[in-house]
Amino acid sequence: MLTKRDFVKKILKERKPVISGYAEKFAPSNIALCKYWGKRDTILNLPVTDSLSVSLGKWGTTTSIRISGEKEDRVIFNGRVLDKNSEFASKVLSFSNLLKPDPGISIEIRTENNIPTAAGSASSASGFAALTKALDAFFGYDLEEKELSLIAGLGSGSASRSIYSGFVRRNRGSAEDGTDSFSVKLPYIWKELRVGLVDITEDKKSVSSREGMEHTVKTSLLYRSWPDQAERDLSLILEGIKKKDFETLGRRAENNSMAMHACMLASDPPLLYWEPETVKTIKKVFSLRKEGMPLYLTMDAGANVKLLFEKETEEDVKENFPEIKIAVPFI
Ligand code: PMV
């Protein structure tokens, strides 16, 4: 098994860094329609299955890097200088050390999230993707997007997909060194597609997705069926995207997310991310759909719910979920 450092070395190969004075990059957040849940390599975050996501338009993370005037690296998050030993700063710094050509260089990393949710939905995806792009630009490696997606995946698996906008597929890959486990942008556009964020809680989840995945893979008998479920869902969702068949996309994405949560629930002890409000929201979506509204939902490892619908349903959705924030993936 490779270490993260060996993996990055392999990708950088003979690239010569050309350090610039300043670099700033944006990466969109994304929501998986076919989820990544479970790692085939827990160090490199290599997934057990392929996954497929759609990005959240202008919502995501902007990260800039400049030479720091101080001896040590600094991390500034949403305008606040962080203690370098805080969980967030140490994750950012250990990741950036992987790409530093010379440990003697001190940098200042400024990162801003504009996702209008307190819990910062999927911010690790856009965060590590923006950081990867900014580090690449600052150190002047000039990596290809495929390579950026491989490196961002070391930060968090879903970050590999946030290198691109639109529909993105991350390949599971089969190489032991992980170099074929990159993401690709799919050539489909769906201007009418909308993703609504229903905030249930602002609290940080008590079980991280890393811990949740490991626990599910180890203890859930239902997880044995997950690779088949994911494979079927991904191909049907892809068909739905190609044909712009919203019902297929919505049904399969919702079922995929429910199946992921079922696997978590069947782990021992059970893993339940939902709150009472989550269940209320799920039931509301079910009953609106019964009344004929083309509306589906998907959930990640947390209590918040994301709604999937099209532009023509936007006003009805707003009426029923007045607090909703709506992302337009294809602007
Ligand atoms: O990338 P991570 O480690 O935050 O895990 C993401 C897991 C899910 O959000 C539940 C699914 C996904 O594919 O994004």
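How do the residues of the shell around the ligand divide into nonpolar, polar and charged? There are six nonpolar, five polar and three charged residues in that shell. Here Ala, Val, Leu, Ile, Met, Phe, Trp, Tyr, Cys and Pro count as nonpolar, Asp, Glu, Lys and Arg as charged, and the others, Gly among them, as polar.

Before going on: this is a predicted model, where local features need pLDDT of at least 70, side-chain atom pairs count only at pLDDT 80 or more, and totals for chains, interfaces and linings use all residues. Residues are numbered from 1 along each chain as its sequence is written, and side-chain values use heavy atoms, with hydrogens and water left out.

The ligand is surrounded by 14 residues (a heavy atom within 4 Å). The closest are Y36, S158, R161, S209 and D300.

Now the polar contacts, meaning pairs of N or O atoms within 3.5 Å. A polar backbone atom of Y36 is 2.9 Å from an oxygen atom of the ligand. For G157, a backbone N or O atom lies 3.3 Å from a ligand oxygen. S209 uses a polar side-chain atom, 3.2 Å from an oxygen atom of the ligand.

On to the strands, which are DSSP runs of E with at least two residues, numbered from the N terminus; two of them pair if DSSP finds at least two bridges. Strand β5, residues 74-77, pairs with β7, residues 107-113, in the parallel sense over four bridges. With β6, residues 80-81, β5 pairs in the antiparallel sense over two bridges. I76 has R110 as its bridge partner in β7 and V81 in β6.

How values were computed. A polar contact is a pair of N or O atoms within 3.5 Å; within protein, one must be able to donate a hydrogen and the other to accept it, and residues adjacent in sequence count only if both atoms are side-chain atoms.
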